[in-house]
Amino acid sequence: MRQIAVLPYRTSSPELDAPIFILLITTRGSGRWIIPKGSPTEKLPAHASAAKEAEEEAGVLGSTCPTPLGSYRFRQRLPSGASVWADVDVFPFAVTEELESWKEQHERERRWFPLAEAAGAVDEEDLRALIRSFGAREFRAATQARKLFDTVNRRTGVAAMFARFQKLLPQQGNFFDLFERHATTLVKGADALARLLQGGPGKAEHIREIEEREHDADAITREVLQTVRRTFLTPFDRGAITDLIAAMDDAIDEMQQTAGAVDLYEITEFEPEMCDMAAIIVDAARLTAEAIPLLRRIADNGQRLHELTERLVRMEGHADEIHAAGLKRIYKQIGRKDPIQFVVRQEMFKRLERVVDRFEDVANEIDGLVIDHS
């Protein structure tokens with residue numbers, strides 16, 4: 001049998017090294033720690049069904065990425081006493097609100113765990129592996145730069161030219177720090193965009209936050225470009241730096257353009273497909289924020305970087321499908337009745353699609369570096 005689940009998460013801050021916390025709940029019978037899960041609802045997409053389980057079982061609301069993180073298997077005991085294998089698709093769920101009362105609050109306990117402790121608290125080995133892989137700290141620990149050129153060259157296996165490049169960047173150009181600061185603006189902007197598309201009274205604040213993050217990103221991009229001009233780099237290295245920061249900056253620019261469209265057209269209600277695309281953007285920003293620090297030791301982290309970029313590309317394809325389905329649905333519903341409103345909604349879909357496309361561009365730039373230097 002197939003089931004669906006969410007992995008509810010939050011961070012203590014938007015910084016790249018901020019600890020990740022996972023929300024677990026207890027089963028109603030044995031009191032084991034699990035994630036919110038259940039059977040899919042025919043009338044809802046799988047990720048929407050999983051979000052409904054999160055609200056009913058754990059009392060949390062948030063953005064559910066429609067692209068599953070992975071799956072795990074466990075033995076499901078039936079009322080008859082028999083047991084069957086259940087395969088559970090798990091969707092990343094960025095928690096934005098904890099409810100004070102919810103359907104099953106008197107039947108379960110909920111608790112936030114640090115990521116490593118959450119992995120240790122669940123019984124299913126596949127689920128443990130999924131939780132550990134979710135922004136795993138060990139990958140970030142591997143990004144610490146070595147001080148000596150010969151150590152970098154010997155231990156990472158990086159070609160001599162790129163080893164010199166890696167040594168040069170932190171000392172003279174500080175490029176890695178700038179990339180990571182920019183990735184933080186992507187995370188903050190994506191979170192604000194998702195909250196904006198959830199509706200509610202905080203519209204103006206969310207738009208202002210996105211605009212501020214875009215201004216922060218512009219300042220970082222200018223600093224990168226100015227530093228490129230001041231630093232001795234080969235033409236190849238210069239192009240890699242400017243292409244990557246430009247792709248990242250395009251992503252936050254498109255977020256700001258999307259928020260501007262919401263303000264310009266005074267949109268207060270959003271299509272479910274728009275919210276799904278916003279959830280993909282949140283997860284894309286999270287994956288980018290994990291990938292960028294790994295560039296400090298690209299040879300050692302090549303496999304993980306490829307996994308992350310592959311997922312980003314897959315998410316972009318999923319967003320295209322959601323975009324097409326949403327446009328088709330609203331055209332049937334309002335295309336002929338209210339063409340102006342259809343054009344407005346179409347513009348919103350187009351803006352959101354461009355944000356996701358820019359994250360795919362970032363993935364392609366990172367993947368190019370991995371191919372060239374790992």
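The largest pocket of this predicted model has a volume of about 650 Å³. Its lining comprises 30 residues, and the closest to the pocket centre are His 47, Ala 48, Ala 51, Cys 275 and Asp 276. Several elements of secondary structure contribute to this lining. At least two residues each come from α1 (46-58), β5 (60-64), β7 (83-98), α7 (175-197), α10 (272-294) and α11 (302-335). By class, the lining of the largest pocket holds 18 nonpolar, 7 polar and 5 charged residues.

Two of the lining helices, α10 and α11, also pack against each other, at an angle of about 165 degrees. Their axes lie 10 Å apart. Angles over 145 degrees count as roughly antiparallel, so α10 is roughly antiparallel to α11. The crossing of α10 past α11 is left-handed. The contact of α10 with α11 is made up of 14 nonpolar, 4 polar and 7 charged residues.

Helix α12 (residues 339-373) packs with α10 as well. Here the angle is about 20 degrees, and the axes are 10 Å apart. Angles under 35 degrees count as roughly parallel; α10 and α12 are therefore roughly parallel to each other. This crossing, of α10 past α12, is left-handed.

The packing of α11 with α12 was also examined. These two helices meet at an angle of about 170 degrees, with 9 Å between their axes. That angle makes α11 roughly antiparallel to α12. The contact of α11 with α12 contains 16 nonpolar, 9 polar and 8 charged residues. Taken together, α10 is roughly antiparallel to α11, α11 is roughly antiparallel to α12, and α10 is roughly parallel to α12.

Ile 371 belongs to helix α12. Its relative accessibility is 64%, over the 50% cut-off, so Ile 371 counts as exposed. The C-alpha atoms of Ile 371 and Ala 299 are separated by 9.7 Å. Along the chain, Ile 371 and Ala 299 are 72 residues apart.

Val 187 sits in helix α7, which supplies at least two residues of the pocket lining. With a relative accessible area of 15%, under the 20% cut-off, Val 187 is buried. Val 187 and Thr 288 are 101 residues apart in sequence. In space, their C-alpha atoms are 8.6 Å apart.

Two loop residues were also considered. Glu 266 lies in the loop between α9 (235-264) and α10. Its phi is positive, at about 55 degrees, although Glu 266 is not a glycine. At 64% relative accessibility, over the 50% cut-off, Glu 266 counts as exposed.

Lys 103 is located in the loop between β7 and β8 (110-114). The strand β7 supplies at least two residues of the lining of the largest pocket. Lys 103 has a relative accessible area of 62% and is exposed. The C-alpha atoms of Lys 103 and Gly 59 are separated by 7.5 Å. In sequence, Lys 103 and Gly 59 are 44 residues apart.

Conventions: Residues numbered from 1 in each chain as written. Predicted model: local features only at pLDDT ≥ 70, side-chain atom pairs only at ≥ 80, totals over all residues. Heavy atoms only, no water. 1 Å grid on protein atoms, 1.4 Å probe; cavity = no way out; pocket = protein on both sides within 12 Å on 5 of 7 lines; lining within 4 Å. Points joined across faces, edges and corners; volume = space filled by probe spheres on them. Helix = DSSP H or I, 4+ residues; strand = E, 2+ residues; numbered from the N terminus. Nonpolar A, V, L, I, M, F, W, Y, C, P; charged D, E, K, R; others polar. Axes fitted to C-alpha atoms, helices over the stretch in contact; angles between N-to-C directions. Parallel < 35°, antiparallel > 145°, perpendicular 65-115°, else oblique. Left-handed = near helix turned anticlockwise from the far one by under 90°. Buried < 20%, exposed > 50% of the residue type's maximum accessible area, 1.4 Å probe, protein only.
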